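Colleague: Could you walk me through a few spots in this model? I am still learning how to read one.

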Amino acid sequence: MLEGMRVILDFLAVVLCVVEVFQLKLTKKKIRWIVAIPFLIGIFVISGFYENNMLRLPLMLLFMTITYMGLLCGPWMKKITIYLFSIFNLHIIYLLVELLIKALGFYCPKILYIAELVESSLVIICIMIFSHIIKKNKNWPKWLEKISAKYYFFGFLCSFAASGIATFVDTQIKYSSPKIRITVMILVIIISVFLYMMGVGLLFVDSLRQYYKEECIQKDEYLRLSRLHYKSLMENMKEVRKMRHDMKAHLSAMSYLTETKDWKKLSSYLEKTGGEIYSRGGRMIDVNHDLVNAILSESIGREEDLSFQYEGYLPDDIKIDDYDLCTIFSNLISNSIEACEQLEGIEKRIVLCIKIFQNNLYIRIENPVQKDVELKEIGKKTSKGDKVNHGYGIQNIITAVEKYQGEVEFRCENRIFSVEIIFVDILD
């Protein structure tokens, strides 16, 4: 009976770890919960009353896996890798708790009779405490989403090795004195922690690699935009010099046509001169920020069949760094243009709105899409050919906005996709 209760508690500890720590969701389908009840009863009966049966362990593992897979939501590969990862990584907590209970057994021998139940209960309490701590970190779920299944599998291998060593050593010293067992357990825990840290260390190093890779991509883009801005300034200065050089001749020609009252030729001449000046100037956009102007003008200027409308401007006393503004606007306009390029039979149109109210800044950009966007998939996929260096745009926008305690909202209604950004108290 006690063994059955312990196994059920161990299974609940694994499910609690998966749900609270690794953020997998429990199913809301009642039928799955109803089906799970007989399997839980089966686990309890098999573990509690068939201790010497050869099929006990395989049947228990089968029933636990079926119950777990039925109660949890998500891709089956992710569920199974996190399940295995959790089972064996919880072993380090069990080792520490077991060591604590054996030490207490010197002073209170009665506790050893229910040691396994106490172990499972304390492990569940440890999971709940850890869950409470990580819930205070809003970036935890986002960090988990970036972890590939292969790292869970590698962590499972490391923890499996640690668990195997601990189990083997425990069987070898089973009949040794309590002091020897405690000493050996401490050594096993040290070895186990080292193996666990190998898995965690690999994940940490890869996370840093990914972070610095994204940062380098953003900085390269920032430098490119800066060069583009100054190149645009130099070209504009050359055009101004050319226009100043030709202006005297134009003024003389217009003065002559005015004196001769040849209004028809004057009108035609003005129209031609104005068109030439406009074509030289290109498609200029001014939102009161040089680098953002360069981003928008360069991006929109390459799209001849794209309609772009904008209103508003960025204030001079904004608290957002140029680097972050470039990150936000370059990714916003890039994603909108990418969506417009995929349109068939629909007008290619982008609308940008920038508004200031009190000390707050509101940015909205919208564009039509060929079909409604699944908002849950935003930031997880890219339609660009270079899958390695693309796909970070949405996440970079979110990161830059959250840096200033701003909020981002994505919407898609009637095949119109929009991004709304709000910065609160962002003006000096």
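**Reading the model together**

Modeller: Let us begin with Asn-360, which counts as buried because its relative accessibility is 12%, and buried means under 20%. Please keep in mind throughout that this is a predicted model.

Colleague: Okay, and where is the place of Asn-360?

Modeller: Asn-360 belongs to strand S3, which covers residues 360–368.

Colleague: Which residues does Asn-360 touch, if we skip those up to four places away in sequence?

Modeller: With those set aside, Asn-360 touches Lys-355, Phe-423, Val-424 and Asp-425.

Colleague: Switching to helices, how do the axes of H10 and H11 cross?

Modeller: The axes of helix H10 (residues 290–301) and helix H11 (residues 322–341) come within 9 Å, and they cross at roughly 15 degrees. Because angles under 35 degrees count as roughly parallel, H10 is described as roughly parallel to H11. The crossing in which H10 passes H11 is right-handed.

Colleague: And which residues make that contact?

Modeller: On the H10 side the contact is made by Leu-291, Val-292, Ile-295, Leu-296, Ser-299 and Ile-300, while H11 contributes Asp-322, Leu-325, Cys-326, Phe-329, Ser-330, Ile-333 and Ile-337.

Colleague: New topic: how many residues of H12 are buried?

Modeller: Helix H12 (residues 393–402) is mostly covered, with 7 of its 10 residues buried. Those buried residues are Gly-393, Ile-394, Asn-396, Ile-397, Ile-398, Ala-400 and Val-401.

Colleague: Last one, where is Thr-27 found?

Modeller: Thr-27 is found in the loop between helix H1 (2–21) and helix H2 (30–49), and at 6% relative accessibility Thr-27 counts as buried. Leaving aside neighbours within four places in sequence, Thr-27 is in contact with Arg-32, Trp-33, Gly-70, Leu-71 and Cys-73.

Note on methods. Residues numbered from 1 in each chain as written. Predicted model: local features only at pLDDT ≥ 70, side-chain atom pairs only at ≥ 80, totals over all residues. Heavy atoms only, no water. Axes fitted to C-alpha atoms, helices over the stretch in contact; angles between N-to-C directions. Helix = DSSP H or I, 4+ residues; strand = E, 2+ residues; numbered from the N terminus. Parallel < 35°, antiparallel > 145°, perpendicular 65-115°, else oblique. Left-handed = near helix turned anticlockwise from the far one by under 90°. Contact = heavy atoms within 4.5 Å. Buried < 20%, exposed > 50% of the residue type's maximum accessible area, 1.4 Å probe, protein only.
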